[in-house]
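Trainee: Could we go through this model together, starting with the overall fold and then moving to single residues?

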Amino acid sequence: MNLHHLLEKRRAAGQPVRVALIGAGKFGSMFLSQVPHTPGLEVPVIVDLDPDRAREACRTVGWDAARIAATTFTKDGGAATGGNIEVIVEATGNPSVGIRHARAAIAAGKHIVMVNVEADVLAGPLLADEARKAGVVYSLAYGDQPALTAEMVDWARATGFKVVAAGKGTKYLPIYHDVTPAGVWSHYGLTAAEAQSAGMNPQMFNSFLDGTKSAIEMAAIANATGLDVPSAGLLFPPCGVDDLPHIMRPHDKGGVLEKSGVVEVVSSLERDGRPVFRDLRWGVYVVLEAPNDYAADCFRQYGLKTDSSGRYAAMYKPYHLIGLELNISVLSAALRNEPTGQPNGFRGDAVAVAKKNLRAGEMLDGEGGYTVWGKLMPAADSLKVGALPIGLAHRVKLTKDIAHGDVVRWSDVEIDARDETVVYRRAMEAKFATAR
């Protein structure tokens with residue numbers, strides 16, 4: 001509650017917080033739109049595969065000519081780690097590239113805000129460990145649902161409540177797991193032509209629909225909060241905000257959860273496709289349990305909706321503003337030396353599952369593609385069965401047939417064990433396999 005005050009002191013002292021952005025896509029552009037309206041915050045370096053596109057993005061979000069002229073636009077990632085940059089925002093969405101950028105930032109003594117949750121789930125526990133040892137901050141990105149959920153979990157625990165469940169909402173039906181980019185737009189109410197004219201990437205949007213993004217984000221939350229992962233994967237129960245305390249409680253208490261203390265995603269659709277009343281499609285939530293009768297009485301006295309026992313209640317945030325809220329992570333790292341959530345263990349993994357019967361010799365095409373979707377799995381189970389992380393299931397060839405719905409394993413694909421991302425992932429597994 002003092003970030004603005006601290007930033008104002010820096011501005012008055014002529015010491016602005018200086019940030020380098022890598023990746024000026026949608027998330028990055030939303031962040032850039034707030035920069036001119038945040039005195040004391042500067043972004044002098046923007047790294048993008050297409051510098052002209054990045055420059056145009058700045059114009060689109062309202063930067064004036066003077067600010068654009070004073071900014072370095074480049075393809076060279078090394079520009080982000082030079083000079084007096086304090087914080088690097090990694091927003092490429094590519095897990096291998098993200099890991100490389102994060103390690104370079106840490107080695108250069110810069111704080112790193114990891115918008116790239118794909119990279120975080122692939123190797124975040126080891127990246128955060130490296131950052132702590134280097135004395136810099138590795139942080140999840142505020143505005144995205146993992147950091148917002150981690151904040152709510154922290155709030156609940158810091159105020160003395162037991163966290164029963166935490167997560168987010170999404171639009172979900174079981175059939176979505178098999179949707180491919182060719183069929184994605186009908187589920188968003190768009191035609192392919194309309195989506196193309198809006199510059200929307202079908203594979204990326206399909207990763208939101210087929211369950212992959214939910215798996216990645218829930219793994220990030222589990223790794224950051226210590227909450228457990230459902231043993232059989234996400235349930236996606238249909239649930240509106242008023243029903244959170246009823247549905248998102250343990251099975252033996254009348255709810256759907258196998259136990260207390262887990263991550264879970266609630267669906268904005270009933271299983272027959274009807275919309276859920278007062279859904280939480282764009283928001284995040286935490287379900288908490290009163291520690292005593294007095295606290296339960298307070299729930300009732302102050303108007304919280306509870307389950308029938310009166311002991312379970314929920315808090316939620318109906319929307320998340322993506323990059324528009326990213327300043328919170330940037331300023332928290334620079335001014336308070338604190339992350340807005342970071343992995344401290346390896347509890348959840350997002351692994352590749354076949355969308356159809358796959359044949360030996362086929363190439364996998366990663367999250368949101370035609371061949372596999374990402375399923376949430378307890379990290380211990382993932383390691384036990386040798387499941388292939390969804391972040392590595394791209395441009396690798398199958399050596400065996402895989403049946404529809406089966407988990408793809410490391411042993412099912414040709415993979416370059418010397419690849420730097422594979423080496424780093426294996427190092428993360430080795431370090432955190434017994435430290436969960």
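Mentor: The model is a predicted one. Of the contacts in the protein chain with a separation of 6 or more, 73% are between residues 24 or more positions apart.

Trainee: What is the radius of gyration of the protein chain, and what does the globule rule give?

Mentor: The chain holds 15 helices and 15 strands. For 436 residues the globule rule gives 22 Å, and the chain comes close to that, so it is as compact as a globular protein of that length. Its C-alpha trace spans about 60 × 60 × 50 Å along the principal axes. The radius of gyration is 22 Å, and the rule gives 22 Å.

Trainee: What share of the residues is buried?

Mentor: A residue counts as buried under 20% relative accessible area. Of the 436 residues in the protein chain, the buried share is 54%.

Trainee: Which side chain of opposite charge is nearest to D144?

Mentor: D144 sits in the loop between β6 (138–140) and α7 (145–158). Leaving out residues up to four places away in sequence, it touches F27, V115, E217, H320 and I322. D144 is buried and has no salt bridge. At 6.0 Å, the nearest side chain of opposite charge is K213.

Trainee: Is G23 buried or exposed?

Mentor: G23 is in the loop between β1 (17–22) and α2 (26–34). Not counting residues up to four places away in sequence, it touches G28, V47, D48 and A91. With a relative accessible area of 7%, G23 is buried.

Trainee: How many residues apart in sequence are the parts that R100 and E420 tie together?

Mentor: The whole structure has 28 salt bridges, and one of them joins the side chains of R100 and E420 at 2.9 Å, N to O. R100 lies in helix α5 and E420 in helix α15 (residues 420–432), so the pair ties together parts of the chain that are apart in sequence by 320 residues.

Trainee: Where do D293 and R311 lie?

Mentor: D293 and R311 form a salt bridge, with the closest N and O atoms 2.7 Å apart. D293 is exposed at 55% relative accessible area, while R311 is partly exposed at 23%. D293 lies in helix α12 (residues 293–301), and R311 in the loop between α12 and β10 (312–317).

Trainee: Which residues are linked with E429 in a network of salt bridges?

Mentor: E429 and R426 meet in a salt bridge of 2.9 Å, N to O. Both lie in helix α15, three residues apart, about one turn of the helix. E429 is buried, with a relative accessible area of 8%, whereas R426 is partly exposed at 38%. The residues linked with E429 in the network are D349, R425 and R426.

Methods: Residues numbered from 1 in each chain as written. Predicted model: local features only at pLDDT ≥ 70, side-chain atom pairs only at ≥ 80, totals over all residues. Heavy atoms only, no water. Helix = DSSP H or I, 4+ residues; strand = E, 2+ residues; numbered from the N terminus. Buried < 20%, exposed > 50% of the residue type's maximum accessible area, 1.4 Å probe, protein only. Lys, Arg positive; Asp, Glu negative; His and termini not counted. Salt bridge = Lys/Arg side-chain N within 4 Å of Asp/Glu carboxyl O. Contact = heavy atoms within 4.5 Å. Rg over C-alpha atoms; globule rule 2.2 N^0.38 Å.
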